[in-house]
Amino acid sequence: MRDARVDVAIVLGDEPGIITDHDFQTRVLAEDLGPATRVKDVMTRSVITLPADTPVHSALLTMLDERIHHLPITEEGAISGVVSATDLLRHQTRNPLYLMRQLDNLDSQEALAGYSRDAAAMVERLFNGGLKVGQIGRIFSSLNDALVRRLLGLAEEKLGPPPCPYAWLVFGSEGRMEQALLTDQDNALAYEADVPGAKEYFARLAERVVGDLITAGFPPCPGGCMATNWNKPLGEWEDTVADWIRQPTPDNLMVSSIFFDFRAVAGTLSMEPVERLIESAAGNQLFMAHLARVSLRFKPPLGLFRRIQTEDGQVDLKKRGIASIVAAARVYALEAGTRSRPTRERLEAAVAEKKMSRDIGLNLVETYRYLLQLRLREQLAQIRAGEGPTNSIRLGRLTSLEHRHLKDAFGAIREMQAAVVQRFQTNSLG
């Protein structure tokens, strides 16, 4: 490795391995092993590989998800080369792998202050590089997950080991892996049982991590949907979710719509009992009808002759479009029996299970992508102008082609809402 001026080597054999300079530091030098140590005793087996024709963004996402810095590449089933973090994003200091490394070395609250700035710069770099907003959301979610895990690790170092297994949950766009910029916190904490000291320990843990996330640039949730409030044993979470499904009141529908997008991003506690409860909601026709009606709350802003209606020349893309698609995809996904989180995957599952027509489903996938892409472009422009990012766009700034695409997008949402009314019989609710 020294003579070849590389920091990684592939070890050949029936089961190929990989060894890096970092492995020599942590597995040889740090363990005080001698030069007679065999390579196979310190290398990494079960090597993660990707085919050579894999897009760069997929390789980047794999390296983020697997927390690796070297990725062997295969051609015709054999390893033909290695791509590194340096290869993918050479000379860039605000890229996902750089930020991931910064998070790995995070050791104080002061280091959190620049996260929002660096994250926004990273998103803009990826956006300008041609990545689609869905790909950016996956990459950004991987980083945010890593941030949460690091903050929890620091909190445990301060508070001591947890008294029982727990899980840190995220919701909303973060739960769906669709967050492209820092938004309000939506998180919760579940722990195994109310053992002695658990309530006090996890209250302190949640308070510390939620506070650190605020420092990092994630504002507190205006509705209080944070682990400082949503913090209880698993059994109580089961009772709560069952009550939401059994009694679909407006308040229960509001919180269940948020919670049903949850992902466990840290901790060892299995949330399978809650997953099964959510899956069972598909059999409750009353609840499903009420949940479907959430997607009808806001109508697309189309007036006579399909003219786009504005408020002071602006349109709120989230309220008048994005939120409706998210809500519809959520209820269709339940009916289709999938627990996929991303909206696109939910829509595709609904089409595959014949719960939604293929034409409507494919139109919605493209509509959702377009609205997210348009919103992110405007938000990045607002940040560059020193403004806070919003969900609104000014109609006068769109080209005639973009204006036409936006009109088509709102038309697709109108068609979707008509299908929701018919399929889930929401008119019968009064």
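**Figure 1. A patch of negative charge on the surface.** In this predicted model, Asp194, Glu200, Glu236 and Asp239 gather in a patch of negative charge on the surface. Patches are made of residues with over 30% relative accessible area and no salt bridge, with like charges joined within 9 Å and nonpolar side chains (Val, Leu, Ile, Met, Phe, Trp, Tyr) joined within 5 Å. Lys and Arg count as positive and Asp and Glu as negative, whereas His and the chain ends are not counted. The place of a charge is taken as NZ of Lys, CZ of Arg, CG of Asp or CD of Glu. Accessible areas come from the Shrake-Rupley method with a 1.4 Å probe, and for residues only the protein chains shown count as cover. One member of the patch, Asp239, is found in helix α9 (residues 234-246). Helices (H or I, at least four residues) and strands (E, at least two) are DSSP runs, numbered from the N terminus. Asp239 counts as exposed because its relative accessibility is 55%; buried means under 20% relative accessible area, exposed over 50%, and partly exposed in between (1.4 Å probe, protein chains only).

Residues are numbered from 1 along each chain as its sequence is written, and side-chain values use heavy atoms, with hydrogens and water left out. Because the model is predicted, local features need pLDDT of at least 70 and side-chain atom pairs count only at pLDDT 80 or more, while totals for chains, interfaces and linings use all residues.

**Figure 2. The salt bridge of Glu178 and Arg176.** The side chains of Glu178 and Arg176 meet in a salt bridge at 2.9 Å, N to O. A salt bridge is defined as a side-chain nitrogen of Lys or Arg within 4 Å of a carboxyl oxygen of Asp or Glu, and by this rule the count comes to 21 salt bridges. Glu178 is buried, with a relative accessible area of 13%. Arg176 also counts as buried, at 10% relative accessibility.

**Figure 3. The salt bridge of Arg339 and Glu275.** Here the side chains of Arg339 and Glu275 meet in a salt bridge at 2.6 Å, N to O. Arg339 lies in the loop between α13 (317-336) and α14 (343-352) and Glu275 in helix α11 (residues 272-280), so the pair ties together parts that are 64 residues apart in sequence. Both Arg339 and Glu275 are buried.

Figure 4. A salt bridge of 2.5 Å, N to O, joins the side chains of Glu402 and Arg377. This pair links distant parts of the chain, with Glu402 in helix α16 (residues 400-424) and Arg377 in helix α15 (residues 358-384), 25 residues apart. Glu402 counts as buried at 17% relative accessibility, whereas Arg377 is partly exposed, with a relative accessible area of 27%. Elsewhere, salt bridges that share partners join Arg176, Glu178, Asp261, Arg330 and Arg346 into one network.

**Figure 5. Cysteines without disulfides.** A search of the whole structure finds zero disulfides, a disulfide being a pair of cysteine sulfur atoms within 2.5 Å. The sulfur of Cys225 is 4.3 Å from the closest cysteine sulfur, in Cys221, which is too far for a bond. Cys225 counts as buried at 5% relative accessibility, and Cys164 counts as buried at 7%.

**Figure 6. A nonpolar surface patch.** Met1, Val6 and Phe24 make a nonpolar surface patch of about 220 Å². Phe24 is found in helix α1 (residues 21-29) and is partly exposed, with a relative accessible area of 33%.

Figure 7. Most residues other than glycine have a negative phi. Ser46 has a positive phi of about 50 degrees although it is not a glycine. Ser46 lies in the loop between α1 and β3 (50-51) and counts as exposed at 57% relative accessibility. Phi of Gln425, likewise a residue other than glycine, is positive and near 55 degrees. Gln425 is found in the segment after α16 and is partly exposed, with a relative accessible area of 48%.

Figure 8. Pro220 is found in the loop between α8 (198-216) and β8 (231-233) and is partly exposed, with a relative accessible area of 41%. Pro220 and Ala121 are 99 residues apart in sequence and 22 Å apart in space, C-alpha to C-alpha. His69 has its place in the loop between α2 (56-66) and β4 (70-75) and is partly exposed, with a relative accessible area of 28%. The C-alpha atoms of His69 and Lys319, 250 residues apart along the chain, are separated by 40 Å.
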